[in-house]
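Hi,

Here is the structure we talked about, with a few notes on what turned up in it. Have a look at it first and then read on.

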Amino acid sequence: ASGIEFLLENSDLELTIPCHSGNHARTTRTTRFGAENGHSLEYIMYRHLARYFALKAPDRVTFIIPEGPHSYLNVYNQTLRFHHGHMIKYQGGIGGIFIPAYKAIAQWNKARRADLDVFGHFHQRKDGGNFVSNGSNIGYNPFALSIKADYEPPSQQLFMINKKYGRTCTWPV
């Protein structure tokens, strides 16, 4: 909330914030894909934040909190698909998350096409061309070690979409 308030107080931006439940804050031992939000502390937090900012800045902050695993946002002529990333099955293979991400995205594009997938989950900052995998605010930790992720300091991805040229750059922040 404080980060959103900072942006509101120090800019004229209108914010659209995609929010996705994942495997980190579930209240069950295993993922329940059909009822994931009903077992997610993240989902509750997102709903509270949405209600708070609906009262505080209704014309400037929009939360996207889907019932399912994906949300879509059109930016200029690009369709972005957001998700947590835990539905991509990595299993520590050669090539890292690239091949599993490409395979999952190809399957999802059969149902609904997106130009760019944006996700986190793997604690790795990667640009796969048709996907951007976010880094981790907490950096290298036991989870990153367990999935054999490359070492990374705490970071997030920032990318820009140009109206004429599409996504033009991606930076670590």
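The residues lining the largest cavity split into 3 nonpolar, 4 polar and 2 charged (Ala, Val, Leu, Ile, Met, Phe, Trp, Tyr, Cys and Pro count as nonpolar, Asp, Glu, Lys and Arg as charged, the others, Gly among them, as polar). Among them are His123, Tyr140, Asp150 and Glu152. Its volume is about 40 Å³, and there are 3 cavities of 30 Å³ or more. A cavity here is a set of points on a 1 Å grid over the protein atoms alone where a 1.4 Å probe fits but cannot get out, and lining residues have an atom within 4 Å of a point. Points are joined across faces, edges and corners, and the volume is the space filled by probe spheres set on them.

Bear in mind that this is a predicted model: local features need pLDDT of at least 70, side-chain atom pairs count only at pLDDT 80 or more, and totals for chains, interfaces and linings use all residues. Numbering starts from 1 along each chain as its sequence is written, and side-chain values use heavy atoms, with hydrogens and water left out.

On to the sheet: 5 strands make an open, mixed one in the order β3-β4-β5-β7-β6 (strands are DSSP E runs of at least two residues, numbered from the N terminus; two pair if DSSP finds at least two bridges between them). β3 (71–75) and β6 (126–127) each have a single partner strand, so one side of each lacks a neighbour in the sheet. β6 pairs with β7 (residues 131–133) in the antiparallel sense over 2 bridges, and Lys126 sits opposite Ser133.

Cheers

Conventions. 1 Å grid on protein atoms, 1.4 Å probe; cavity = no way out; pocket = protein on both sides within 12 Å on 5 of 7 lines; lining within 4 Å. Helix = DSSP H or I, 4+ residues; strand = E, 2+ residues; numbered from the N terminus.
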